[in-house]
Structures are given as C-alpha cells and as structure tokens.
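Student: I would like to go through the labels given to this model and ask what each one rests on.
Tutor: Then let us take them one by one.

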Amino acid sequence: MSLNEGPSRILVVDGEEGTRRVIAFILKREGYGVCLAASGKEALAQAAGGSPDLVVLDSILPDLNGLLICKKLRSEYVGPVMMLSRNGNENCVIEALENGADDCVVKPIRPAELLARVRALLRRYRVGSRRPAVIEVGDLEVNLAKRRVFRRGREIRFTSTEFDILVCLAQNQEQVVTSKMILDQVWGPSHGEYLQTLRVHVGHLRQKLEPNPSSPRYIMTEPGIGYRFAVSSPAVAPSL
C-alpha cells in the first residue's frame, strides 16, 4: 500500500455505472484520487498494479461475488477494504467482515456516512503505518512501522482492522482494555453499535494468532469488560 504524500487513492468497485459515478463524485469533491473498476477481475488487477490506499467494494458484481473478491484481495493487499452491501441484516455485515472487510456500509449510500467511514479507515492505517516501534511478546513480533506480524519468523497476515485491534491490545500487555477503549481507538468516538463487529474481529485474530483458538494463549476475554493481551501463559484461558 502506498503512503506517499498527496491525496489518498481510492479504488471504487461497483458493477452499476451510476453508483460508481456517484461515489467517485463524492470522493473527488473531498479531494481524494479515485480509480474505478466495474468487475471483480478488473478490481484485482487494479489493486495489484495501482496500490490504492483504500478499496470500496460492492458485494454483488457482474462476474464474481464481491465477498470472494475481498477474500482474494487479502492474499496480497494489506490496506483497508470497505464493503458495500444491499442488505443491512446483521448476518450480511458479519459475513463481509469474515471475508476480510474492515467495514461495511449499507446501500443506498449516504454521503456523510461514507466520507466519515473513509476518513476513519485511512486515518487508522496512516497513523499505524507511522509508528516506529516493534513489540515483542514471547515468540511474537509485531512490527508497527511495517504493519506486519511474525511468529517464530513466519509472517501472519491480518486485515487492517485486525492489526489495529492487535496493536491496541499488545501495547497494553497484561492490562484489561475495555471494549469501548478498543472501539474508540480503532473505529473512533462515533463507532455506534460496533460491539458485535469487535467480537467478530477478535475471533478472526484468535484463529490466525493462537496455537489453539478455543483455548487462547494471548488474547484473553475479561467477561463483561473487554480483553487482555497476556504475556505469560494462563492456567485457565477463557474463550470469546
């Protein structure tokens, strides 16, 4: 992902030409650089060759399912992905997050909401990318500057949001971090009802990070409060 100076570049992927134009107009009016894709294959090609700072991806595309495209993007692209959904059902939002999205916006697009979420995703990624430190816990190495995580020298790939949650916890080792604190730091003070979203992302973190996700070694649940990043192995490991 590019962090060069200048306006952020956003890749908008939507099979409906009218929707692409509307989103492009909203983003360009705010000074963002915009590139457009009308299909899943075109999106993958542009993401690989253009290094956008953010991908806005519709869940329904003419050639490939948007969720499949999101999952494919995650094999190479580490920047934030915002899914667009035609269904506000909680299960649809969770499905988008489970396939690698960092956020999900329900159509029809509301310009103010879209811009607020775009700014939040870009801000989180840019701030995280400028951190110079490396956090080492046991056999884990969390490189904040490069936004990369290694266990015994082997890289573990995370989405932008998963990485931000991990950093929030790892920077407060052995301290209880409330769910609200995580929501405020990762999504901002206007996070709304994101508690279920946080639980989904923590579940993803455990699947990728923990030797045994059902018996966590690192990310411990503090019931009714939040989470704690454990340095020493616990005798009993509560689950999500």
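Student: How many disulfides does the count come to?
Tutor: The model is a predicted one, and the count comes to zero disulfides.

Student: Why does Cys-70 count as buried?
Tutor: Buried means under 20% relative accessible area. Cys-70 has 0% relative accessibility, so it counts as buried. Cys-35, at 16%, counts as buried by that cut-off too.

Student: Why is one side of strand S2 and of strand S5 left without a neighbour in the sheet?
Tutor: The sheet is open, and its five strands come in the order S2-S1-S3-S4-S5 with parallel pairing. S2 (33-37) and S5 (103-106) are at the edges and have a single partner strand each, so one side of each has no neighbour in the sheet. On average, neighbouring strands of this sheet are turned by 20° against each other, direction ignored.

Student: What makes S3 and S4 a pair?
Tutor: Pairing requires at least two bridges. S3 (residues 54-58) and S4 (residues 81-85) have four, in the parallel sense, so they count as paired. In one of the bridges, Asp-58 has Leu-84 of S4 as its partner.

Student: Which strand do four bridges join to S6, and in which sense do the two run?
Tutor: The partner is S7 (residues 140-143), and the two run antiparallel. Val-134 is opposite Asn-143 of S7. The hairpin has two residues between its strands, and Gly-138 there takes a positive phi near 60°.

Student: Why are helices H6 and H8 called roughly perpendicular?
Tutor: Angles of 65 to 115 degrees count as roughly perpendicular. H6 (residues 160-170) and H8 (residues 195-209) pack at about 85°, their axes 10 Å apart, and are therefore roughly perpendicular to each other.

Student: Which residues make that contact?
Tutor: Thr-161, Glu-162, Ile-165 and Leu-166 come from H6, and those of H8 include Leu-198, His-201 and Lys-208. By class, the contact of H6 with H8 has six nonpolar, three polar and two charged residues.

Terms used:
Residues numbered from 1 in each chain as written. Predicted model: local features only at pLDDT ≥ 70, side-chain atom pairs only at ≥ 80, totals over all residues. Heavy atoms only, no water. Axes fitted to C-alpha atoms, helices over the stretch in contact; angles between N-to-C directions. Disulfide = S-S within 2.5 Å. Buried < 20%, exposed > 50% of the residue type's maximum accessible area, 1.4 Å probe, protein only. Parallel < 35°, antiparallel > 145°, perpendicular 65-115°, else oblique. Contact = heavy atoms within 4.5 Å. Nonpolar A, V, L, I, M, F, W, Y, C, P; charged D, E, K, R; others polar.
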